[in-house]
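Subject: Structure handover

Hello,

Here is the structure for you to look at. My notes come after it.

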Amino acid sequence: MKAEAGSVLITGGAGFIGSNFLRYLMNKIENILLVVDNLSIGRLENIAPLLNDPRVKFFCADLTRDEKVLDFIFWRYSPTIILHFAAEAHVDESIRNPLVASSNYLMTNFLLEKARKYGVEKFIQVSTDEVYGPVPEGFADEDHSLNPSSPYSASKASCDLLCLSYFKTYSLPVIITRCTNNYGPYLDVRRLIARHITNALLDLPLPIWDGGEQVRDWLYVEDHCEALYLLMQRGKPGEIYNISAGNLRTNLEVAEAILRLIPESKSQIVLKGSRPAHDVRYALDSSKIRSMGWKPKYSFEEGLRLTVDWFRNNEEWWKKTKEKVEKELYDKIGR
Ligand SMILES: NC(=O)c1ccc[n+]([C@@H]2O[C@H](COP(=O)([O-])OP(=O)(O)OC[C@H]3O[C@@H](n4cnc5c(N)ncnc54)[C@H](O)[C@@H]3O)[C@@H](O)[C@H]2O)c1
């Protein structure tokens with residue numbers, strides 16, 4: 001039986017941004033929402049309560065090889081929009097084990113092929129500001145050259161180019177989004193803000209590399225979701241959209257802001273050595289999507305307070321992985 005057209009396919013939907021997006025979208029539309037994730041980093045508990053809703057269908061599958069699952073999904077549910085979040089998205093992991101980044105290209109290629117075979121109205125490739133490489137001054141717009149530094153960002157840049165080739169060659173309606181660093185609920189404890197918050201809650205030191213001078217532009221995850229929702233509706237095929245809030249902060253400033261929000265913590269900031277591919281600054285010009293009416297709702301201070309509150313109230317969620325992750329990091333690179 002062939003079913004409901006107009007469903008939305010969300011890859012990597014059990015991960016940090018994907019699960020937040022699923023939660024966001026469920027409150028916006030009535031359509032069937034199809035989630036594919038191999039649960040390598042994503043966790044089922046990120047979306048467990050949402051799975052009680054009959055509109056949400058979860059498929060545990062590896063996008064680099066479980067082709068039959070994808071064929072079934074397209075045959076059964078005819079998704080019209082794909083949001084492709086799934087990726088090996090951890091920079092440090094890609095530096096330790098660069099081969100993992102090649103799966104980003106492979107899974108994107110598989111998914112593009114399915115989209116081409118079955119037809120979709122929109123294929124949204126969720127990419128990153130890191131494809132531009134370091135932007136020591138000024139702001140990179142969508143025409144800025146690609147100059148990725150890490151295996152992760154190089155793999156994302158290759159995915160972007162592959163997606164654009166499908167637009168040019170096959171007229172597949174691809175849209176690329178390039179977003180700055182996200183933070184918010186369900187942020188994996190390996191990521192900078194989550195690691196600092198959980199370390200501070202446990203009175204552990206907050207490690208900072210390269211003097212903490214690196215600048216990142218921080219976006220609260222719900223603001224990212226809102227931008228993606230706008231592009232689902234009004235994004236133009238073949239176009240690239242930068243997404244950023246303009247919350248430029250050095251890594252040291254971020255750690256200090258976290259400690260201010262956890263005043264009872266005995267943690268201290270500890271300066272460490274240097275890290276490979278540690279780009280000095282990322283900064284995006286997002287005037288293109290802002291001209292469509294999007295702007296971030298959360299200031300950095302507000303978003304960070306909400307994130308700290310979430311981690312305070314969800315200890316069970318992060319404590320499960322925290323010990324394991326800290327041990328892994330210590331074993332691998334002694335920190
Ligand atoms: N986190 C950020 O700050 C940020 C910023 C800009 C762009 N992005 C992009 O957003 C996307 C999501 O990032 P995130 O931070 O939520 O990462 P995440 O690791 O939390 O989520 C990625 C998800 O993809 C899944 N996945 C990985 N390989 C898979 C495979 N072979 N088959 C099926 N599922 C697979 C993982 O299990 C995970 O749930 C990524 O594409 C990333 O490049 C992230």
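Two ground rules. Residue numbers start from 1 along each chain as its sequence is written. The model is predicted, so local features need pLDDT of at least 70 and side-chain atom pairs count only at pLDDT 80 or more, while totals for chains, interfaces and linings use all residues.

**Domains**

The protein is divided into domain 1 (7-182 + 218-243) and domain 2 (189-216 + 249-283 + 302-333). Those bounds come from an automatic or database domain assignment. Taken over C-alpha atoms, the two centres are 25 Å apart. In all, 18 residues of domain 1 are in contact with 13 residues of domain 2. Contact means C-beta atoms, placed from the backbone, within 7 Å. On the domain 1 side, helix 3 (91-96) and strand 9 (215-220) each supply at least two of the touching residues. Helices (H or I, at least four residues) and strands (E, at least two) are DSSP runs, numbered from the N terminus.

Two strands pair if DSSP finds at least two bridges between them.

Strand 1 (residues 7-11) and strand 2 (residues 33-37) are joined by four bridges in the parallel sense. Leu-9 stands opposite Leu-34, and Thr-11 stands opposite Val-36. Five of the five residues in strand 2 are buried. Buried means 20 or more other C-beta atoms within 10 Å of the residue's own; exposed means 12 or fewer; partly exposed lies in between; C-beta atoms are placed from the backbone. Leu-33, Val-35 and Asp-37 point one way from strand 2, and Leu-34 and Val-36 point the other way.

**Core**

The largest nonpolar core has 92 residues. Such a core is a set of buried Ala, Val, Leu, Ile, Met, Phe, Trp, Tyr and Cys residues joined through C-beta atoms within 7 Å. Ile-10, Leu-34, Val-35, Ile-82 and Leu-83 touch the most other members. Leaving aside neighbours within four places in sequence, Ile-82 is in contact with Leu-9, Leu-111, Ala-115, Val-120, Phe-123 and Ile-124.

**Ligand shell**

Around the ligand are 30 residues, of which Gly-12, Gly-15, Phe-16, Gly-42 and Ala-87 come nearest. The cut-off is a C-beta atom, placed from the backbone, within 6 Å. Helix 1 gives the largest share of the shell, three residues. Eight of the 11 residues in helix 1 are buried, including Phe-16. The buried residues of helix 1 pack against strand 1, strand 2, strand 4, strand 7 and helix 7 (221-234).

Why does Gln-268 count as exposed? Because 12 other C-beta atoms lie within 10 Å of Gln-268. Gln-268 sits in the loop between helix 8 (251-261) and strand 12 (269-271). Asn-199 is 69 residues from Gln-268 in sequence, and 9.7 Å away in space, C-alpha to C-alpha.

Best wishes

Methods:
Contact = placed C-beta atoms within 7 Å.
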